[in-house]
Amino acid sequence: AEHLPLTPEALKVSVNSAQQCLHLQWTVHNLPYNQEFKMIFQIQISRTETSNVIWMGNYSTTMKRNETVHWSWESELPLECAAHFVRIRSVVDDARFPEWNFWSSWSSWQEVNVQDSTGQDTLFVFPKDKLVEEGSNITICYISGNIQNDISCYLEGEQIHGEQLDPHVSTFKLENVPFIRKGGTNIYCEEKQRKAISNGTVLFVSKVLEEPKDFSCETRDFKTLICTWDPGANTALDWSKQPSQSYTLFESYSGKKKHCEEKNRCNWQITQDSQEIYNFTLITENYLRKRSVNLLFNLTHRVHPMSPFSVQFENISATSAVMTWKVHSLGDYFTLLCQVELHGEGKMIQHNVSVKANGKYLLNELEPNTEYVAQVHCADDNHFWKWSEWSGRDFTTPEAAPS
Amino acid sequence: SHTLPALGPAERGKIFKELRSLSKMLLENVKEEKGVPMSQSYTLPCLIPDAQPPNHINISAIRTYLQTIRQLRDNVTLGEIIEHLDKLRFQDASKTNISVPAGTLENKRFILTILTQFSECMELASKPSNSEAQRAG
């Protein structure tokens, strides 16, 4: 049987200038009812005039009769710089229907003209205040409308030379654009004779958002988890173009999420009923990119005790002293390993003590009439993670009693 | 009618000298950014037409322009300058309307152009007027 043409119809093209994207939607009316077909659509995009095809590609999808298909295309050239034209054709690529395997005719060209500057004695520069990532390749253009005289363009004050796209449009390809300052990279064009005819733009080049490094969490009191990381570069830009990147903690077992106020640390409340194993994802995001890092750990293996306090010395004699100290409680079943350091006579002696509650240690074999410094720090005895900070004091042994 | 501020010539002179150095500092800071050309489209009304020293500097209009710049790009020095201007300002001075240009580069050109003219204006304002020069002579 003679098959009806499957030319794509109702082609609509919309524009997102900021993203330099064409959004297409179309349908195919003549497909048989109640059937899904594997189809290939061939899309042609021309610039300035229909004969100047700059892009062609295929898009495969399955669809039904009268279903709307959506597809987008990103232009390397700002869409204001030139008129664009789009057309489509289709073929059924379905083994079940070999008879349909032939290209339809093309749809008619759809024109997209974002910036009509014909006849205007004005200079336009595009894109306007675009935000890009360091290292990107960018194309800038000026449109000179009715202006006949030469136009010069400058990047950060240095003249740049472009290519003529048409009598009124020149394009400038900037490759691997560097970050220069938070206020953006300045691009400016002017007519050589009448300098008042000028225009320009700022290219906001953002540093690349880095994956957080050294992501680590610990608790000092079994009440709060303190997570820290190295954020890398701050990607904030001036002129409200991009705030500093955001950081969010997500814990998968509890399903809870927290927005972190600071750029390199975040506190997470440990509730009574919370689990022992934590699976954190630290997500960082700016306008251009999103990155994340994971951390899986057992809370009891990440205890960083607070420093001991109330260090005292009792029964100080010419050759011995009893050192005592207090520790912040971490629960009845928690054992601390405390390390005592004794400094005196140019020597340092170290002793280890396991401590459940408060600590006590006999310092003996001391020298009479000698000044000593004794300090102590502690760590988790079961799963060593980190020493606490030191606490300590000095003391002096008395003269030996006359023998 | 204008209510003259309570400041005497000496105090006004001191403030203008301070404004001159602050405006230079601010301008140097802005000038550091390359690739921003001056514009012929913006003019800071430095002088009040037909007014005689010492009240010939259009403090109110200058303040409005600098406040506009402050909304575009806040800055500590700018805040200091506006505080000094407030000491000099006539109470019921005329209102100045400013339309801020669109686009970041145009904003930068506006700021550079106005701050350059402000610096020149403060240079002018901190010069002793003829009468003051005679009295001092």
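The lining of the largest pocket is made up of nine nonpolar, three polar and seven charged residues. In this predicted model, the volume of that pocket is about 410 Å³. Its lining numbers 19 residues, and those closest to the centre are B:Asn29, B:Val30, B:Glu33, B:Arg73 and B:Ile111. Two helices of chain B, H1 (9-31) and H4, each contribute at least two residues to the lining of the largest pocket.

The second largest pocket holds about 330 Å³ of space. It is lined by 14 residues, with A:Gln20, A:Glu74, A:Ser75, A:Lys130 and A:Ile138 nearest its centre. Sorted by class, this lining comprises three nonpolar, six polar and five charged residues.

The interface was examined next. The size of an interface is often given as the accessible area lost when the parts come together. Between chain B and chain A, about 1,300 Å² is buried, and carbon and sulfur atoms give 55% of this area. On the chain B side, the residues that lose the most area to chain A are B:Arg73, B:Thr104 and B:Leu105, which together account for 38% of what that side buries. The contact involves 18 residues of chain A and 15 residues of chain B. Two salt bridges are found across the interface. B:Arg73, listed among the residues closest to the centre of the largest pocket, forms a salt bridge with A:Asp238, with an N to O distance of 3.0 Å.

Over all chains, the count of salt bridges comes to 16. In chain A, A:Arg96 is paired with A:Asp94, and their closest N and O atoms are 2.7 Å apart. A:Asp94 counts as buried because its relative accessibility is 8%, under the 20% limit.

In chain B, a salt bridge with an N to O distance of 2.4 Å joins the side chains of B:Asp86 and B:Arg63. This pair links distant parts of the chain, since B:Asp86 belongs to helix H3 (residues 76-88) and B:Arg63 to helix H2 (residues 59-72), 23 residues apart. The two partners fall into separate accessibility classes: B:Arg63 is buried, with a relative accessible area of 19%, whereas B:Asp86 is partly exposed, with a relative accessible area of 34%.

A further salt bridge of chain B connects B:Glu106 and B:Arg109, with the closest N and O atoms 3.4 Å apart. Because B:Glu106 and B:Arg109 are three residues apart in helix H4 (residues 104-125), about one helical turn separates them. Both residues are buried. Elsewhere, salt bridges that share partners join A:Glu156, A:Arg181, B:Glu33 and B:Lys108 into one network. Of these, B:Glu33 is also among the residues closest to the centre of the largest pocket.

Helix H4 of chain B also contains B:Phe118. B:Phe118 counts as buried because its relative accessibility is 0%. Apart from neighbours within four places in sequence, B:Phe118 is in contact with B:Leu19, B:Ser23, B:Leu44, B:Ile62, B:Leu66 and B:Ile81. The C-alpha atoms of B:Phe118 and B:Leu27 lie 9.0 Å apart in space, although the two residues are 91 residues apart in sequence.

Definitions and conventions. Residues are numbered from 1 along each chain as its sequence is written. Chains are lettered from A and ligands numbered from 1 in the order in which they are written. This is a predicted model: local features need pLDDT of at least 70, side-chain atom pairs count only at pLDDT 80 or more; totals for chains, interfaces and linings use all residues. Side-chain values use heavy atoms; hydrogens and water are left out. A salt bridge is a side-chain nitrogen of Lys or Arg within 4 Å of a carboxyl oxygen of Asp or Glu. Buried means under 20% relative accessible area, exposed over 50%, partly exposed in between (1.4 Å probe, protein chains only). Helices (H or I, at least four residues) and strands (E, at least two) are DSSP runs, numbered from the N terminus. On a 1 Å grid over the protein atoms alone, a cavity is a set of points where a 1.4 Å probe fits but cannot get out, and a pocket is an open set with protein on both sides within 12 Å along at least five of seven lines; lining residues have an atom within 4 Å of a point. Grid points are joined across faces, edges and corners, and a volume is the space filled by probe spheres set on the points. Ala, Val, Leu, Ile, Met, Phe, Trp, Tyr, Cys and Pro count as nonpolar, Asp, Glu, Lys and Arg as charged, and the others, Gly among them, as polar. Contact means heavy atoms within 4.5 Å. Buried area is the accessible area (1.4 Å probe) that two parts lose on being put together, summed over both.
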